[in-house]
Amino acid sequence: MRVLLALALLVPLFAQDGQLPYKCGWSVPGAISKSQSRRALPRPSRELTYYSVDSTFAIHYDTSFAKPNRPPLESSRADHTPDWVVETAEAFMHARDLLLQRGYPPAPNDGDGIYDVYIINFGGSVYGQIQFENAVGQGIASYIEIENDFEERYFTHGLPALWTTAAHEYFHAVQLAYGWLPGNDYFYELTSTWFEELANPEIDDWIYWFRLADPTCNPMCDFGSHPELHITETDGYSAAIFGHYLTWVATDSI
C-alpha cells in the first residue's frame, strides 16, 4: 500500500474524457440537503430482494433486461440469485462486523432491523450514495444506493469497487447514528475513505483521490495537488491520508 501511495504522490491522475466521477453522493453539491428534502418520497422500486445470511441487510435489485439498473446476472447458486448480489450482501456484512468489533453502533434502519441497499446504474457518475430518511437529532435512518456493475469510468472496477464502496457508504450510515453536523462534509468523507482501506486493505481505490489533475477540483481541490489547503477546504477524499497517518503511527481503532 505504501508503494502505491508513493506513486500517487508522484503521478497526477487524469480522468477519462476530462470528467471525474464522484466517489460518494454525499459530496455532490447540495446532495445532503436534497436527500433530506426527499425523505418523504417513496424509495426506489426493484423486482427482487435478497437477504444477507445474517438477515441484517436487504439487497434490492432488478433482473429484467429491460431494467437499466440490473447487476451482472451470472449465478453459481441453486436459487439463481446473481453472484453479484450475494457479494454485495457479504461486503456490507463485512463492513458492519468490523465496525461492531471496534465499538461503533449499527447503522439506524427504518425500524424493521434490516438495513436496505438498492442496486442502481449510476453510469460512472458516482460510486454510491446514502439517502437520509429523517433529519431529527441522533439516529438518522437511511438507505444506500450502490452502482450496479462498476464498468464505466471508475478508478476501480468490478468486485473490488463493490467491496470498497460498500465499506465507504456503510460507514456514512453509521455516522448518522451520531447525528449530522452541517458544514462538516469533508470530515464525513475523510473518515469514510479511511475506513474503506481499513476494511479492505488489498483495495487501494482511495489513493486515486489523493492527487487529481482536474481543473474543477471535483468540486473542491485535492490535498495532494494543493498541500497548502486547510483540511476543511479539501474534498475529504484526498484528506483521508490524515486518517491513514494516524493508523500507521498509532492504531486502527480510531
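Trainee: What share of the 254 residues in the protein chain is buried?

Mentor: Buried residues account for 50% of the 254 residues. Please bear in mind that this is a predicted model.

Trainee: How many helices and strands does the protein chain have?

Mentor: The protein chain has six helices and six strands. Along the sequence they follow the pattern α-β-α-β-β-α-β-β-β-α-α-α.

Trainee: In what order do the six strands lie in the sheet?

Mentor: The order is β1-β5-β6-β4-β3-β2, in an open sheet with mixed pairing. The edge strands are β1 (22–24) and β2 (48–51), each of which pairs on one side only. From one strand to the next, the twist averages 25°.

Trainee: Which way do β1 and β5 run, parallel or antiparallel?

Mentor: Those two strands run parallel, and two bridges join β1 to β5 (residues 126–132). Cys24 has Gly128 of β5 as its bridge partner.

Trainee: How many residues lie between the strands in the hairpin of β2 and β3?

Mentor: There are five residues between the strands of that hairpin, where Ser55 takes a positive phi near 60°. Most residues other than glycine have a negative phi.

Trainee: What phi does His80 have?

Mentor: His80 has a positive phi of about 70°, although it is not a glycine. This residue sits in the loop between β3 (57–61) and α3 (83–101).

Trainee: Is His80 buried or exposed?

Mentor: His80 counts as exposed because its relative accessibility is 63%, and the cut-off for exposed is over 50%.

Trainee: Now Phe150: where is that residue placed?

Mentor: Phe150 is in the loop between β6 (142–147) and α4 (158–175). Phe150 is not a glycine, yet its phi is positive, at about 55°. Phe150 is buried, since its relative accessible area is 1%.

Trainee: Changing topic, how far apart are the C-alpha atoms of Asn109 and Ala141?

Mentor: Their C-alpha atoms are separated by 5.1 Å, while the two residues are 32 residues apart along the chain. Asn109 is found in the loop between α3 and β4 (115–120). With a relative accessibility of 25%, Asn109 counts as partly exposed.

Trainee: Let us turn to α6. Which residues of α6 are buried?

Mentor: The buried residues of α6 are Ala240, Ile241, Gly243 and His244. They lie on the same side of α6, because they cover an arc of only 155° around the axis.

Trainee: Which residues make the nonpolar surface patch?

Mentor: The patch is made by Phe242, Tyr245, Trp248 and Val249, and has an area of about 410 Å². Of these, Tyr245 lies in helix α6 (residues 240–249).

Trainee: Why does Tyr245 count as partly exposed?

Mentor: Tyr245 counts as partly exposed because its relative accessibility is 47%, and partly exposed covers the range between the 20% limit for buried and the 50% limit for exposed.

Conventions:
Residues numbered from 1 in each chain as written. Predicted model: local features only at pLDDT ≥ 70, side-chain atom pairs only at ≥ 80, totals over all residues. Heavy atoms only, no water. Patch = residues over 30% accessible without salt bridge, like charges linked within 9 Å, V, L, I, M, F, W, Y side chains within 5 Å. Areas by Shrake-Rupley, 256 points an atom, 1.4 Å probe, with all protein chains shown as cover. Salt bridge = Lys/Arg side-chain N within 4 Å of Asp/Glu carboxyl O. Helix = DSSP H or I, 4+ residues; strand = E, 2+ residues; numbered from the N terminus. Buried < 20%, exposed > 50% of the residue type's maximum accessible area, 1.4 Å probe, protein only. Arc of directions from axis to C-beta. Pairing = 2+ DSSP bridges. Axes fitted to C-alpha atoms, helices over the stretch in contact; angles between N-to-C directions.
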